[in-house]
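Hi,

Here is the structure I promised to pass on.

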Amino acid sequence: MTLEITTIPCLSDNYAFIAVCSETGMVAVIDAPEAAPIQRELRSRELTPNMILLTHHHSDHIDGLAGIKQDAAVVGAEADKHRLPPLDHAVKEGDVIEIGASELTVIDVSGHTVGHIAFYCEDSKAMFTGDSLMAMGCGRLFEGTADQMWESLSKLAALPSDTLIYSGHEYTASNAKFAKSVDPDNGLLDARIDDITARRTANIPTVPSLLADELTTNPFLRAISPDVKAFLGMQDVSDAAVFAEIRARKDGF
């Protein structure tokens, strides 16, 4: 009862994902930045989408929907339905979506936008995070607050460390450069940067990433780290306040 997941590069730096239930063959597409690359992958594998899951309303996650929808049911956040394409299923945190024999739990990850959701499949050890938690980063706070985003990231950080994070963009190399500016003595970060450089040189996606690696090298999750707090001179402030400082620094980096 696992999902076979394929990463689909779209636009200049976006990702969509195709998830196929290994038991039933049911097909879901997660986010739809543009239709053509998703269509090519579906055609090459003779797949027809049964569901399309949307993480949030930004155009670079929904603009390809019309070109791939066919008879697929569209799933998105109840809180965001006023600015998403028409939904067949409006969901909220705690709801469960079935892709064949696999179950995905909806998690509210507001921050990047208000109403942003993620989809977690425990059996497949997979989390589709859109623009909330990203490889080496997190989404810019266009609508939500730093406290909201920290609460969202904390939910994701509490998942099993062997969870794979399927995030929405190939921002990893630039995120890694920023990480060095706030966590310069992290040897695990240095090793990960070498791996990222090798992958991008070979034009290999850095997404998905392993949550265990995010916990040890992603500066936004390391707002709890005494080393990061000491480097920032913020030893005696809350984790959320440290996160807010890191996010502000990244915005100006």
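Is R199 buried, partly exposed or exposed? With a relative accessibility of 34%, R199 is partly exposed (buried is under 20% relative accessible area, exposed is over 50%, and partly exposed is in between, with a 1.4 Å probe and protein chains only).

Before the rest, a word on the model: it is predicted, so local features need pLDDT of at least 70 and side-chain atom pairs count only at pLDDT 80 or more, while totals for chains, interfaces and linings use all residues. Residues are numbered from 1 along each chain as its sequence is written, and side-chain values use heavy atoms, with hydrogens and water left out.

Back to R199: its side chain meets that of D195 in a salt bridge, 3.2 Å from N to O (a salt bridge is a side-chain nitrogen of Lys or Arg within 4 Å of a carboxyl oxygen of Asp or Glu). D195 is partly exposed too, at 39%.

The closest N and O atoms of E170 and R200 are 3.8 Å apart. E170 is buried at 13%, whereas R200 is partly exposed at 29%. In total there are 16 salt bridges, and some that share partners link D80, R83 and E143 into one network.

Now the inside. The largest nonpolar core has 27 residues, and M127, L153, F243 and I246 have the most contacts within it (such a core is a set of buried Ala, Val, Leu, Ile, Met, Phe, Trp, Tyr and Cys residues joined through side-chain atoms within 4.5 Å). At least two core residues come from each of β9, α4, α5, α8 and α9, and α4 gives the most, with 5. Setting aside neighbours within four places in sequence, L153 is in contact with S132, L133, C138, F220, L221 and F243 (contact means heavy atoms within 4.5 Å). Apart from this core lies another, of 25 residues, including A73 and F128.

Lastly, the cysteines: there are 0 disulfides, counting pairs of cysteine sulfur atoms within 2.5 Å. C10 is buried at 1%, and C138 is buried as well, at 7%.

Cheers

Methods. Helix = DSSP H or I, 4+ residues; strand = E, 2+ residues; numbered from the N terminus.
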